[in-house]
Amino acid sequence: MTTATVTGKPEEPVVATKNYLTEGGVTLRSWLLTRDHKRIAILYTLSITFFFFVGGAAATLIRLNLVTPPGIFTPDIYNRLFTLHGVIMVWFFLIPSIPNTMGNFLIPLMIGAKDLAFPRLNLLSWYLYVGAGFLALFAILIGGVDTGWTFYTPFSSLYSNGYVVLALAAVLAVGFSSILTGLNFIVTTHRMRAPGMTWYRLPVFVWSNYATSVIMVLATPVLAITLILVAAERLLKVGIFDPALGGDPLLFQHLFWFYSHPAVYIMILPGFGVISEIVPCFARKPLFGYKFVVWSSIAISVIGFFVWAHHMFVAGISLYAGLVFSLLSYVIAVPSAIKVFNWTATLHKGWISFDAPMLYALGFIGLFTIGGLTGLFVANLAFDVHVTDTYFVVAHFHYIMVGGMVSAYFGGLHYWWPKVTGRLYPEWWARIAALLIFFGFNLTFFPQFILGYLGMERRYYSYPPEFQAWNIFSSAGASVLAVGYALPFFYLGWSLFRGKRAGANPWAATGLEWQTPSPPPTHNFDRTPTVTRPPYQYRPEPEPQDV
Amino acid sequence: MGSLQLLPPSASAHAADMDWLFAALLGVSAFILLLVFGLMILFCIRYRKGSKVERGNRLGRTWRVEVAWTGLTFAAFLVLYFWGANLYVRIHSPPSDATDIYVVGKQWMWKIEHPGGQREIDTLHVPVGRPVRLVLTSQDVIHDFAIPAFRIRQDAVPGRYETLWFTPTEIGEYRLFCAEFCGTWHARMGGTVVVMEPSDFQRWLDSQDPGPSLAQEGEALFSSYGCSGCHGGASTVHAPKLEGLFGRPVPLEDGRTVIADDRYLRDSILMPKAEIAAGYPPVMPSFAGQIGEDDLLKLVAYIKSLADKTADSAERPAP
């Protein structure tokens with residue numbers, strides 16, 4: 001009952017004595033110079049968690065300020081807070097979140113490899129990430145940036161009074177970290193699959209990260225060039241984007257969104273991968289329409305490059321450009337819809353249990369569906385002319401990025417926690433956190449759709465009195481959400497020391513990563529496994545090992 | 001603290017159309033949402049672990065189902081697309097009888113100039129039932145002129161003219177916002193749109209100190225910036241005549257033909273070498289950085305006012 005019949009493999013002992021956490025030493029040095037993909041994944045997880053709380057603290061202050069207009073902060077401080085929130089959450093949490101933690105840890109395990117193709121590049125990628133993160137924090141501490149995460153010109157290049165160039169340098173550096181990760185994943189997936197692990201036997205998680213990597217490698221250089229041009233205009237007064245210097249401000253938006261729209265898919269595709277692992281496991285059924293799910297990921301990563309100007313329907317693009325980009329945006333909604341239908345169909349005639357990872361996954365499907373459907377609203381030309389730059393857009397992308405991606409991140413964290421740490425977490429606490437996050441999230445962001453349609457603009461430190469009631473709902477929801485996000489920090493931390501031993505495969509899951517001890521040994525498999533079957537060979541009966 | 005409002009005031013013909021589009025989008029979404037959530041909840045209850053329902057006969061080949069739901073979804077999406085695109089084309093096609101009002105955004109105020117020369121800041125007075133076309137630009141960074149009660153907005157981009165038109169249908173006062181982040185006081189860059197009876201509006205216009213009209217001011221600037229030295233009727237320099245120019249096609253040196261619109265006039269003042277009229281030596285200096293947005297608008301308004309004149313009738317000496 002494994003994906004992958006691992007030839008000649010004896011039953012694992014309950015506790016693996018030699019594993020990646022103990023082998024090779026436990027000194028700080030052994031961690032900071034490690035080339036083991038699993039240890040680098042842990043380094044990433046720790047640093048990403050830190051930045052998640054930094055970005056979350058900014059979000060908390062933003063919601064606090066918006067309870068009682070004109071709020072508690074000066075406009076300059078408020079503008080720095082939302083810029084900090086956006087820059088940190090986009091580049092230092094969402095983009096690296098699933099690929100660099102779970103992707104790093106799991107891709108070699110899932111394809112039956114010993115490590116990623118380029119272990120040193122992998123470590124370099126983490127150092128770039130951390131260096132960039134500290135540069136961003138430094139820019140914040142010495143005075144901050146007030147451009148918003150979008151750095152629109154000519155405001156960012158000539159008018160902003162913040163430390164724009166430092167922030168640009170940080171984003172540039174973290175971009176290289178992304179490129180290295182993407183490159184590593186692509187080569188690993190092509191070259192290092194175990195015998196018998198054909199493309200159509202790859203778990204969807206690997207496919208999703210592969211699609212993500214393609215975007216990282218192709219789109220991120222455009223961001224790098226764009227940021228360098230902004231810095232050149234700001235420092236050297238070279239006229240590129242500012243019309244006063246003979247430049248074109250819309251050129252910046254085209255270049256920026258040519259990266260940043262595909263980047264949205266960098267942020268959500270790995271989430272699709274996590275959900276496609278969890279749902280079959282807890283429904284005890286093969287994933288419905290495996291090939292459709294796989295190819296819709298690839299379709300998204302390709303079409304994702306041709307929808308960027310839908311961010312610019314009121315920016316001054318031509319009427320015809322608007323018509324084309326809106327149509328393409330409707331086209332890209334189709335593969336996302338396909339996935340939702342396939343996950344739902346996977347539940348049909350299943351044997352469904354509701355452990356914490358499944359609760360996160362079901363929450364993900366619900367929130368992502370709302371986020372995706374409101375994407376149809378903002379992709380709609382006339383509708384977007386009314387709501388662009390309002391809280392409707394804010395709510396829409398938070399449903400995708402937070403409701404979707406962060407739920408998937410937590411779902412994956414719980415699902416693979418026993419594999420990574422060898423310990424089980426307290427199930428009921430995890431279920432409570434999943435429910436708190438789901439309800440807190442909806443209470444926070446659903447009112448923002450209404451606020452947006454009413455005309456409440458983004459990036460306002462203060463607003464007219466008729467918007468206050470909905471803002472209070474939103475801020476109340478944010479406090480529930482904050483508790484939901486803080487809870488796992490405590491019970492997962494507790495489980496590291498007191499959690500029950502997990503064993504190799506606590507979920508009776510298929511997939512090669514479950515066929516090796518928890519935590520896995522440094523070289524992942526004692527013997528390279530041979531794969532003989534497609535993934536997700538679950539059957540809707542109680543499994544013998546389903547204790 | 002206000003009550004729980006659900007819809008903004010609706011004060012233009014377009015606003016009503018938009019609310020119908022909103023209703024359609026909500027309808028389609030609600031249908032898909034209920035379908036997905038309904039099935040999810042149904043499956044989760046019916047096929048929960050341990051329940052004793054029949055689980056045999058599972059769907060083997062999936063592609064028929066896949067093609068069906070992909071096709072149906074895309075068909076529904078296309079309907080929504082065309083609906084929205086149709087409205088979008090309409091809000092980009094101002095009627096020919098619309099009154100032009102000029103709007104300049106700058107950190108952090110909206111400067112508005114009526115064709116009669118009346119000026120206001122952060123307040124826009126308009127008559128009910130008459131189409132109005134705003135010509136928007138910015139003096140510094142990108143701003144965005146947003147009127148939720150009319151369900152429209154448009155970025156004001158430095159170095160460009162963008163337009164936005166509407167026909168107000170309800171008398172009243174509506175909020176005006178800047179919707180593109182523009183710096184420290186972005187949230188305070190807004191004001192009021194006042195929709196009035198046409199007679200009240202006329203009274204309001206008359207009560208304002210009109211000053212010279214935009215075109216009249218432009219005429220004065222036309223001399224003071226030295227434009228008349230070459231483009232004036234008495235000039236000996238071989239420069240294009242501006243009478244009867246606006247709105248007509250202009251053949252260019254490189255073989256293209258452009259329409260002499262706001263954009264062309266503005267670009268020709270700031271970047272005269274970009275689009276050289278055929279048959280004229282490229283001798284005009286650039287005025288980039290020397291003429292502010294306010295003055296540019298006036299110069300363009302003056303050149304527009306010459307649209308109905310012929311070169312002969314303007315052969316008089318400049319005032």
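Author: Let us begin with a term: a residue is buried if 20 or more other C-beta atoms lie within 10 Å of its own, and exposed if 12 or fewer do. Please keep in mind that this is a predicted model.

Reader: Happy to start there. Is A:Asn524 buried or exposed?

Author: A:Asn524 sits in the segment after helix H15 (468-498) of chain A. Its phi is positive, about 70°, although the residue is not a glycine. With 22 C-beta neighbours inside 10 Å, A:Asn524 counts as buried.

Reader: And A:Lys237, is that one buried or exposed?

Author: A:Lys237 also has a positive phi, about 60°, without being a glycine. You will find A:Lys237 in the loop between helix H7 (204-236) and H8 of chain A. Because A:Lys237 has 12 other C-beta atoms within 10 Å, it is exposed.

Reader: Which residues does A:Ser276 touch, leaving aside those up to four places away in sequence?

Author: A:Ser276 belongs to helix H8 (residues 249-283) of chain A. It has 28 C-beta neighbours inside 10 Å, so A:Ser276 counts as buried. Its C-alpha atom is 11 Å from that of A:Gly411, a residue 135 places away along the chain. The residues touched by A:Ser276 are A:Val204, A:Phe205, A:Leu287 and A:Val293.

Reader: What is omega at the cis peptide bond of A:Thr153 and A:Pro154?

Author: A:Pro154 lies in the loop between helix H4 (119-141) and helix H5 (155-159) of chain A. A cis bond is also found between A:Pro69 and A:Pro70, with omega about 5°, and A:Pro70 is in the loop between helix H2 (37-65) and helix H3 (75-111) of chain A. For the bond that joins A:Thr153 and A:Pro154, omega is about -5°.

Reader: How is H11(A) oriented relative to H14(A), parallel or antiparallel?

Author: Helix H11 (residues 356-379) and helix H14 (residues 427-454) of chain A pack with their axes 9 Å apart, at an angle of about 10°. Angles under 35 degrees count as roughly parallel. H11(A) is therefore roughly parallel to H14(A).

Reader: How do the residues of that contact of H11(A) with H14(A) divide?

Author: H11(A) contributes residues including A:Leu359, A:Tyr360 and A:Leu367, while A:Phe438, A:Phe441 and A:Phe449 are among those from H14(A). The contact divides into 11 nonpolar, two polar and two charged residues.

Reader: Which element gives the largest share of the side of chain B that touches chain A?

Author: The contact takes 70 residues from chain B and 69 residues from chain A. On the chain B side, the elements that give two or more residues include helix H1 (13-46), helix H2 (63-91) and strand S9 (172-178). The largest share, 15 residues, comes from H2(B).

Reader: What are the helix and strand percentages over residues 213-307 of chain B?

Author: UniProt, in an unreviewed entry, places "domain: Cytochrome c" at these residues of chain B. The end C-alpha atoms of residues 213-307 are 16 Å apart. Over this span the chain is 39% helix and 6% strand.

Reader: How many of the residues of H7(B) are buried?

Author: What covers its buried residues includes strand S1 (99-106), helix H4 (214-224) and helix H6 (262-270) of chain B. B:Leu296, B:Val300 and B:Tyr302 are among the buried residues. H7(B) is mostly covered, and of its 13 residues the number buried is 10.

Terms used
Residues numbered from 1 in each chain as written. Chains lettered and ligands numbered in written order. Predicted model: local features only at pLDDT ≥ 70, side-chain atom pairs only at ≥ 80, totals over all residues. UniProt positions renumbered as here; feature names shortened; annotations may be inferred. Helix = DSSP H or I, 4+ residues; strand = E, 2+ residues; numbered from the N terminus. Contact = placed C-beta atoms within 7 Å. Axes fitted to C-alpha atoms, helices over the stretch in contact; angles between N-to-C directions. Parallel < 35°, antiparallel > 145°, perpendicular 65-115°, else oblique. Nonpolar A, V, L, I, M, F, W, Y, C, P; charged D, E, K, R; others polar.
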